[in-house]
Every structure is written in structure tokens, then in C-alpha cells.
Amino acid sequence: MTATNGPRACVIGAGSAGLAACAGLKGAGVEFDCYEKSDRVGGLWVFDNPSGVAAAYRTLSSNAPKAYMGYHDFPMPDDLPAYPSHWDFARYFDDYARHHGLHRHIQFQTEVTRVTPTGSGGFEVQLADGRTRFYDQVLVANGHHWDARMPEPMFPGSFAGTLMHSRDYRDAAFLAGKRVVVVGIGNSAVDIACEAAHLAEKTYLSVRRGAHIMPKFVFGMAPPTWLLDCASHKPGRILLGALMRLANGRAQDYGLPAPDHSFGDAHPTMSAGLMDELRLGRITPKPQIVELLGDRVRFADGSVEDVDVIVCATGYRITFPFFDEAYVSAPDNQIALYHRVVDPDRPGLFFVGLCQPLGAIQPLAELQGKWIGELLAGRCALPSAEQMRAAIEADQRWLRKRFVDSTRHTVQVDHHRYLKTLRREIRSQRRRARSRMDSAATGLPEVELTARREQ
């Protein structure tokens with residue numbers, strides 16, 4: 001094992017969040033290295049990614065319109081469809097990296113296996129090839145949609161067919177002529193169920209809890225960003241929910257359970273085809289599975305069906321395999337971070353893209369990266385650890401009030417509200433940084449300088 005001195009910062013991952021982190025650091029003039037397990041950028045959006053953990057399936061397209069999905073400083077091309085495919089995204093992320101000159105900072109096919117804080121500050125980063133590097137800061141951008149979470153508790157009984165997680169689903173061809181149960185009501189679940197409906201002998205959609213189904217097109221158009229931004233306030237959510245029901249109908253009229261929450265209080269499901277497949281009878285709704293019976297499945301309503309394949313689209317665990325769990329972990333997908341980025345008890349450690357927006361991750365990660373860059377360059381200054389902890393508590397209270405209590409919503413944010421809040425916070429931290437520099441230069445207390453500015 002060799003040890004060398006490295007640049008100030010280390011970025012783990014070169015997916016959509018990691019690239020944004022790299023761009024933010026480079027824009028602020030901060031030296032950094034980025035380590036990527038795969039041989040290319042793009043992360044989860046790369047179909048058959050050599051990393052082995054990406055969940056993209058052959059027909060995957062975005063669940064939000066492209067106007068929401070691009071970085072603000074590098075918009076998605078006009079010639080892309082309203083909902084770009086994973087092929088489009090893979091090309092877009094590579095173009096973004098080239099636009100910002102990021103490839104030379106990224107070490108591909110290089111996995112980070114261990115990150116350990118050093119006693120003198122900073123971090124020791126161990127790589128799979130045996131190298132050890134030392135950094136002042138570590139930016140974690142390893143994603144939170146890769147460590148598959150199967151149903152908890154697992155279905156009792158035994159199953160003779162194929163039982164799999166949606167992360168391992170790539171193509172519907174193997175479902176031809178089979179009897180298929182898809183478990184879940186999220187975006188991946190309904191996509192897979194709609195694909196199975198055209199090839200399988202029978203397709204069941206097993207749902208424990210109802211969800212609001214949003215069409216991808218309303219009156220022939222993808223919803224504009226101003227309309228989706230309405231979900232940031234209650235009157236807007238009421239209006240948007242009414243519009244969605246008018247355009248799409250109610251899923252409970254076709255056998256799915258009625259949602260037990262208002263529109264916008266949980267992550268909605270976007271689908272261009274689910275309602276049609278339900279209406280045409282190609283997808284049969286079922287309640288949750290209660291028992292596996294060899295080549296059959298018993299559901300909560302007492303019905304028993306012959307089944308060959310069960311696809312569990314039941315979400316993911318938030319995990320950091322390179323950290324000791326005693327140092328950083330997210331039990332039940334819970335992790336307390338200041339504005340979803342800063343750990344107030346672990347200086348130098350930052351997280352990028354660790355949030356689930358009602359919208360898209362790219363613009364959020366982009367602003368997070370710029371913020372971290374300014375922090376490391378000294379142009380922003382964080383409040384005290386006590387103030388950050390108080391803000392985290394307030395955010396957690398808002399989260400519990402705003403969204404349904406589930407592991408899917410532990411890192412949920414409102415896209416529009418989050419961007420507005422973080423921009424305001426960055427402006428405040430810039431003023432704080434200037435006050436501290438002026439205080440150091442003049443010898444006057446920071447509080448006194450701030451009071452003079454406000455007069």
C-alpha cells in the first residue's frame with residue numbers, strides 16, 4: 001500500500017450528483033480527485049453499467065419533463081424528447097463532463113473501499129487497487145438508488161419461481177408467456193407492470209398503499225415547470241391534484257386502493273400507460289402478498305393465483321459501504337444533515353444528491369456542488385454546529401408534517417422550496433464569510449461589524 005499527498009477534496013462517484021459536485025469544486029478553484037467505480041460517467045442512468053449496481057432498464061425514460069431534469073448551467077438539448085431516455089441521459093452527462101473539463105479529474109474503474117477520519121483532521125481514503133490517499137474533505141455522491149431493499153418482513157413461505165428486485169430488471173423479454181406479479185406502486189413498478197402487460201400471460205400489480213397517478217402528458221403536452229412548481233404550496237397541490245384527476249381519472253375506479261393522503265403529500269407516480277392498461281384489463285390490481293405457496297401466491301384478500309415471476313419494486317436502502325457504520329450510517333434511511341449536505345458533527349464531510357425531490361436531482365445537486373465549492377474556497381461560512389443542529393430539527397419537523405411517514409420520504413424535499421431555501425442560505429453564508437474576514441482584518445468583533453452594516 002502506498003500513501004501520497006493529494007488535492008484538498010475527494011469526490012466519490014461520477015453520476016449525476018458526483019458530476020455536479022466536481023463542477024462546483026472546479027468552478028470555485030478547489031483541487032479535487034473524483035473516483036468512479038464504472039468506466040464512464042452517468043451512474044444510474046447508464047444501461048448495463050459495468051459498476052453492476054445501476055438499475056436502468058432498456059425502456060427507462062425520465063419521470064419528470066426534461067425542463068426539470070437538466071443542470072441550470074447546461075440545459076438539456078431542445079431536440080431531446082419531453083421525457084428523455086437513459087441513452088439520452090448517458091450522452092448528456094458525458095457532454096456535461098466534457099463541457100466542464102471534468103474527465104481529467106475522474107479516475108475510472110477505481111472503487112473507494114474505505115474512508116476513515118484521521119486524528120489530525122481530514123480523511124484517509126483507501127482504494128480497491130491498494131492505494132491510499134489523504135484529503136481535507138470528502139464529498140459523498142454514491143447515490144441512494146442502488147442498494148436494493150426487498151419487502152420487510154419478507155413474504156412467508158417458499159416460492160418455486162423467480163423472485164427478484166426491480167434493480168436487476170433489464171428487459172421484459174423473459175416475462176413472455178409467464179404469470180407475473182409486480183410489487184409496488186412507484187415509477188419503476190408501474191413501468192415494469194406496463195411492459196409485462198404486453199408479453200406476459202397474466203400481470204398482477206400488488207399494492208399495499210394507494211398512490212396518486214400522474215400522466216406524463218396533459219392535454220397532449222408535458223406539464224410545464226410552472227405547473228409542477230404549484231406543488232410547493234397547498235392551494236397549488238389542490239389545483240394540480242384536481243387537474244390530474246380530470247386528465248387521468250382515478251386509479252381506485254379500476255381496482256387500486258384509494259390514496260390515504262392528499263396529492264403532493266407523498267411522492268407521486270408518473271405513468272403514461274398504467275391507467276390504460278388497467279382500463280383494458282391487461283393489469284389486474286391485487287392487495288399485498290401474504291404468503292408464498294410454491295408456484296402460487298396468496299394475497300391479502302384471500303385470493304390465490306398461479307405465479308411464475310415476482311418483481312419487487314420496493315425501494316432502496318441508503319448505505320455507505322466505505323464508512324464504518326459507527327461513523328456514518330442511515331438506519332431506516334434516516335440521516336440528519338444540514339440542508340441535506342453538511343454533517344455538523346463531522347467537519348469536512350459533505351453529501352451531494354442525497355435527497356428525493358418532487359422534481360429532479362440534477363438542479364439540486366448542481367446548487368449543492370456550488371455551495372460546497374464556495375465553502376471550501378472560503379467564500380461561504382457555515383453557522384455554528386448548534387445552529388445547524390437546530391435547523392436540522394426544524395427541517396425534520398417540517399418533513400414529518402409535509403410528507404407521508406415512510407422510508408421513501410426520509411430524505412424527501414420539495415424541489416422548488418429547496419432551491420429557494422438553499423439560495424437564500426448561500427447568500428447569508430457569503431455575508432457571514434465577509435464579516436469574518438473583515439473582523440480578522442480590522443480586529444473588530446464580527447457582531448459589531450454586522451451591526452454597523454445593518455445601520
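The model is predicted, so local features need pLDDT of at least 70 and side-chain atom pairs count only at pLDDT 80 or more, whereas totals for chains, interfaces and linings use all residues. Residues are numbered from 1 along each chain as its sequence is written, and side-chain values use heavy atoms, with hydrogens and water left out.

The protein has eleven helices and 24 strands (DSSP runs numbered from the N terminus: H or I of at least four residues for helices, E of at least two for strands). Its C-alpha trace spans about 75 × 55 × 45 Å along the principal axes. Of the 455 residues, 53% are buried (under 20% relative accessible area, with exposed meaning over 50% and partly exposed in between; 1.4 Å probe, protein chains only). Among contacts (heavy atoms within 4.5 Å) between residues at least 6 apart in sequence, 67% join residues at least 24 apart.

Helix α6 covers residues 234-248 and includes L246. With a relative accessibility of 65%, L246 counts as exposed.

A231 is buried, its relative accessible area being 12%. Apart from neighbours within four places in sequence, the contacts of A231 are R237, L240, R402 and D414. M69 lies 162 residues from A231 along the chain, and the C-alpha atoms of the two are separated by 17 Å.
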